[in-house]
Amino acid sequence: MEETPNEALEAPEPSLDVMQYVRALWRRKWLILAVMAVVLLAGTFHTLRQPKIYTASTSLIIDVAAPRVLDADVKEVMGDERGNYWANKEYYTTQSEVITSRSVASRVVDRLGLGNDPAFLGVEGIQDPEARKKAMASVDAVSLVRSRIAVIPSSNSRVLRIAVEDMDPKRAALLANEVAEAYIAENLALRLKTTEGASAWLEERLSELGTRASSSELDLYKFKRGADMLSISVEGKGGAPQQQSTAKQAYDRYMAELIDVRTRMAALQARVDSMRQLRTSASADAEHWAEGLTEAGTGPLRELRNQVLAQRTACVELSGRYLAEHPKMQECQQKLVVVQQELRHSLDNLVRGAETDLAAAQANERNLLALVSKAKTEAFQVTEKEIAYEKLQREAQNDQRLYEMVLKRFKDLELSGLLRTSNVRVLDAAIPNPVPVRPNTRSALLLFLMLGVMGGVALVLALEFLDASVVSRADVEERLGLPFIGAMPPLRSEVDGGSADLFIQRHPRSPAAEMCRAIRTNLLFMSPDKPFRTVVVSSAGSAEGKSTAVINLGMVMAQTGTRVLLMDTDMRLPRLHRAFGVPDDVGVSSLVVGEGSLERAIKSTDVPNLFVLPCGPLPPNPAELLHTRAFAELLVKLKERYDCILLDSPPLGPVSDALVLAKQADGILLVLKAGGTHREQAKRAIRSLRDVKARIIGALLNHMDVKGGGRYGSDYNVYNDYRAYGGERGERDERDERRTAS
């Protein structure tokens, strides 16, 4: 199913149209020129009233350090050595702040007596002495000097320019030179003040450190005396203290002896244990366990073992000849027992001797442990004394070193304080410049010219942006979402001064007539298969030219041979009868209530095929009257007689008559006044028509200034095209013919 115009959704706001604003600037170019002229004149007047300002500058070379007169070891308090770019940059920035400081400005004011100079303070125009004195007292000359000083550094160099502005060129040069001299003096004074302060502080520290050094040496002497360290050398070989070395040697010797004793004890203990084990395992036969001893093979123990062996052999030989009770056998056995006892006694003595040696070694171990403990205690005591001694010695050495360092620095500062060298020197002194730097008339005029143009453009763009009226085809199609039917220019006659309603009748060959014919053609092509028979013509608000549009549109439609009826359904402010000069005694209201006839009510006009049905007497209830069956039947009868009926209705905003008519007609045509109809007002009218499902044919822009190239722009160039084809010449010929006939 084909979508009708009223079924389309409301169009969104379009994007920014740059050409629209360009055309607006061209249309309002005279406003831009006016704003530019006003700003330029105001700027010129302001510039010429400004006092002339002159400038003078003094060039200074600021070295990183002052010339070095003394040895490199003698350094000043304010060290100027800088080793990188950022340190140098920070230094020169600091010097710029010093130049513009209040201290430097105060020196300039005092040297030149500016505090009592009326010309400098700007009060020379005051004639009254008391008033002048009071005015001079209220002006801060130091702040005034500071406000006129500007420091201009030179890139990649050590040169600074001190620029001073003043209304007198000679005084500007004088001030610039005095500021340079004051800066050099302030720099020296600051250096001297810092040196004196440092010298005073160093002198106090020197006295304090001298007292501390003497006290530290006395404390060291008292400690040596109290620790009995006077008669011996404190330090031994290798820098180690002698007492600590002796105690350490004794401790090491005792530890070595203790290790030897414990080693021998271990050997003795092992021997004693082995002897006891052998004796326990072979207690019945002493000569057998004696064989396990190392002493068994040498000395007396060997002889005893041999005697026991020999005696046992003799007893064995006798036992072969004699019985055991034989006296010789008993004597032999007795000798064997005696020898065995001697051997056993010797073995016991050997064991006891080993045990005695072990006990002696253990006693020696205990003695050595006591000696080691004593030596360790003495070593710790010596270490404690050494720590205390070294602490006192370090304090004494530090105090002496600090005293010597401060004494040297104090002597250096005494020597450097006598110098009066500066790292700043004047490169070029300032000279008066007779050419003022302000105001720069040319630059100021160019600036105000640009400001005027920018202000005019901004004003035009603001007016264009704030203008929310419907003015172009793009507004109709993109912002309102309606088909654009056409546009009509302002209908006015500079020759005959006639009414705008019958303009096309008087000027059939004018651009306005051609534009109306274009509207007629667009209406025909809107629905070629089923032409519109009844069309309601309304507007969003009042005084938008809907009645004029109805009359002129009806004229161009009647020129094609179509029978056209202009039906005045505006029963509140009817005006079709006045436009055509016909009576209004019988009309639409009369026919609806059953009074009068169509033949009497319908009036013919001077335009062939164009007829008018006036409103008739004004009813008290127009909307209810248009909603009746009688009105619908009247429309049916009229459609049988005429090819096209144009209904002039009230505006959509104030009343609802047009909504009632739109439901009964084939469609409604909205007339919008270009630059006069607000978009929101038009959107409300469109929404009300869509709410009642009325068919909106489209919109017609009335009062369009296409000749002036307004915001409508290039969307509609009928006027220019008409001129190109000689239509305007034909219109002039027509006017000449009318003058001749008259």
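**Figure 1. Buried residues and the overall build of the predicted protein.** Of the 742 residues in the protein, 41% are buried. Buried means under 20% relative accessible area, exposed means over 50%, and partly exposed lies in between (1.4 Å probe, protein chains only). This is a predicted model: local features need pLDDT of at least 70, side-chain atom pairs count only at pLDDT 80 or more, and totals for chains, interfaces and linings use all residues. Residues are numbered from 1 along each chain as its sequence is written, and side-chain values use heavy atoms, with hydrogens and water left out. The protein has 26 helices and 12 strands. These are DSSP runs numbered from the N terminus: helices are H or I with at least four residues, strands are E with at least two. A contact means heavy atoms within 4.5 Å. Among contacts with a separation of 6 or more, 80% join residues 24 or more positions apart. The protein exposes about 41,100 Å², and carbon and sulfur atoms supply 55% of that area. Accessible areas come from the Shrake-Rupley method with a 1.4 Å probe; for residues, only the protein chains shown count as cover.

Figure 2. Side chains of opposite charge can pair when their charged atoms come close. A salt bridge puts a side-chain nitrogen of Lys or Arg within 4 Å of a carboxyl oxygen of Asp or Glu. The count by this rule is 15. Here the N to O distance between aspartate 166 and arginine 171 is 2.8 Å. Both aspartate 166 and arginine 171 are buried. Arg148 joins Asp166 and Arg171 in a network of salt bridges.

Figure 3. Glutamate 331 pairs with lysine 335, and their closest N and O atoms are 3.8 Å apart. Both residues lie in helix H12 (residues 327-416). They are 4 residues apart, about one turn of the helix. Glutamate 331 is partly exposed, at 42% relative accessible area. Lysine 335 is partly exposed too, at 44%.

Figure 4. Arginine 641 meets glutamate 599 in a salt bridge, with the closest N and O atoms 2.9 Å apart. Arginine 641 belongs to helix H22 (residues 629-641) and glutamate 599 to helix H20 (residues 598-601), so the pair ties together parts 42 residues apart in sequence. Arginine 641 is partly exposed, at 36% relative accessibility. Glutamate 599 is exposed, at 56%.

**Figure 5. Two aromatic pairs**. Rings of Phe, Tyr and Trp (its six-membered ring) pair if their centres lie within 6.5 Å; planes under 30 degrees apart count as stacked, over 60 as edge-to-face and the rest as tilted. The structure holds 2 such pairs. Tyrosine 91 and tyrosine 92 have ring centres 5.3 Å apart and planes at 75 degrees, so this pair is edge-to-face. Tyrosine 91 is buried at 10% relative accessibility, and tyrosine 92 is buried at 15%. Phenylalanine 611 and tyrosine 642 have ring centres 5.4 Å apart and planes at 55 degrees, so this pair is tilted. Phenylalanine 611 is buried at 17%; tyrosine 642 is buried at 5%.
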